[in-house]
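Notebook open, structure on screen. I'm jotting down what I look up as I go.

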Amino acid sequence: MSEAIEVRGLSYRAGRSFELRDVSLTVPRGSIYGFLGPNGAGKTTTIRVLLGMTRRDGGDVRLLGHSIPGELPGALARIGYVPERPHVYPSLTVADALRCHAAFHHRWDGVWAEQLRRQFELPLDRRVGRLSKGESGKLLMLLALAQRPELLILDEPTDGLDPMVRRDVLTALLDYVSETGATVFISSHLVHELERMCSWVGVLDHGRMVAELPIDVLKSGIKKIRLTDTPVNGHHPPFEVLSRGRDAFETETWVVRGWSDPMVQYFDTAGATVREVVDLDLEEVFVELLRSGREVTS
Amino acid sequence: MHDEIDPRSPVPLYEQIAARVRVAVAAEEYRAGDALPSVRQLSSTLRVNPSTVVQAYRDLERDGFVETRHGAGTYVRAVAAEVREEERIRRARELVRKLLAEAARFGIGAAEIGRALAEETGVASHE
């Protein structure tokens, strides 16, 4: 079976200041794929290009096997999308918005939509433009879920929402995924939120892919090593050094990739002592990847 | 009990979930015939990928801790006392390894830890 999303060599240029350069990504079916990147990296632009809303300059895009933009209607019928900014007319009431979406999606699940609406406490007669930020976020997720998509493309779906609303929204999403096995492509700069959920992670920075890996692989080999005494140069380390510096307490600290425990040996021979090998969380890994990626290009 | 997973740890989440259930079985917090939360329930509560829970339950089933009854959920199996004992010993070793690693950061050796442990548990140390 084809992948849920396949992008090869995507390029896009907007003026001089911004471009997507040779972006390739593969989102396996049934995965929850975290699309990470700092603000301005090009995540929203990439998503807009995927969905045919922005015209690309080069490259190939396939969504659920449909070639984009040629077979866009077929793809869109199977995809739920939560945009970065609300796309529902502000003058519609919640009830209107639900009816309107139901009319466009042939797999619309009215019963479940109503159940979610109650659970999310969205008043039927409230105008969309008058919803709070949290309510609006819940409505957008509801609209994307109730069409029962095979693929969800979510652009910062929880950005700016309070922790309670965020939890409600993500719980509804995971509930749907356990029931249907749908694929989720979710962009965020809120790394902690994705850490538990994602099976795959892609990192975009300055319009280029910096990494794309299963999350366990991404996290397992990267460590922070605290040392006493700086190692004597001259030996080639058996791991890759992403950065070296001093921590808040002035202890020599290295961030390395490809670490395994027997490599402590290297420091012994180089005249330094390993005090501690610290696991990094996804956010720290993310920061290190961006830093090393930027050093290579500059 | 399921708040105890740590996304930061390099131990994959499915292993953490499986380990948590094994510990609960070893401590007889879970007994034969008890139902585990459904995949859907647990993935929502922990906010983890449902496939992570599926993987954890599959590993537990392979190791004989639980059985999946089709369409009816996942249930704890009767686990021999020796297996529970093994699990407790395994867990104890893990805790000690963690403790020793932490102690090493401060330059504290095994002998000092041993004395402190004896004091804390009220066992007289033999010196």
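This is a predicted model: local features need pLDDT of at least 70, side-chain atom pairs count only at pLDDT 80 or more; totals for chains, interfaces and linings use all residues.

Started with burial in chain A. I find that 38% of its 298 residues are buried.

Next, the overall extent. The C-alpha atoms of chain A fill a box of roughly 70 × 40 × 40 Å along the principal axes. I looked up the secondary structure too: chain A has ten helices and 14 strands.

Then I checked how far apart in sequence the contacting residues are. Taking contacts in chain A between residues at least 6 apart, 74% join residues at least 24 apart.

On to one sheet. In what order do the four strands of the open sheet run? I read S12-S13-S11-S14 in chain A, with antiparallel pairing. Strands S12 (240-246) and S14 (273-279) of chain A sit at the edges, each pairing on one side only. From one strand to the next, the twist averages 25 degrees.

I zoomed in on one pair here. S12(A) joins strand S13 (residues 252-257) of chain A in the antiparallel sense, over six bridges. In this pair, Val241(A) stands opposite Val256(A) of S13(A). A reminder to myself: strands of a sheet pair through backbone hydrogen bonds.

Last entry, the contact between the chains. Chain A brings 21 residues to it and chain B brings 17. Helix H6 (163-180), helix H8 (215-220) and S14 of chain A each supply at least two residues of the side of chain A that touches chain B. Which of the elements gives the most? I get H6(A), with seven residues. By type, the residues on that side of chain A come out as six nonpolar, five polar and ten charged.

Note on methods. Residues are numbered from 1 along each chain as its sequence is written. Chains are lettered from A and ligands numbered from 1 in the order in which they are written. Two strands pair if DSSP finds at least two bridges between them. Axes are lines fitted to C-alpha atoms, for helices over the stretch in contact, and angles run from 0 to 180 degrees between N-to-C directions. A residue is buried if 20 or more other C-beta atoms lie within 10 Å of its own, exposed if 12 or fewer, and partly exposed in between; C-beta atoms are placed from the backbone. Two residues are in contact if their C-beta atoms, placed from the backbone, lie within 7 Å. Ala, Val, Leu, Ile, Met, Phe, Trp, Tyr, Cys and Pro count as nonpolar, Asp, Glu, Lys and Arg as charged, and the others, Gly among them, as polar.
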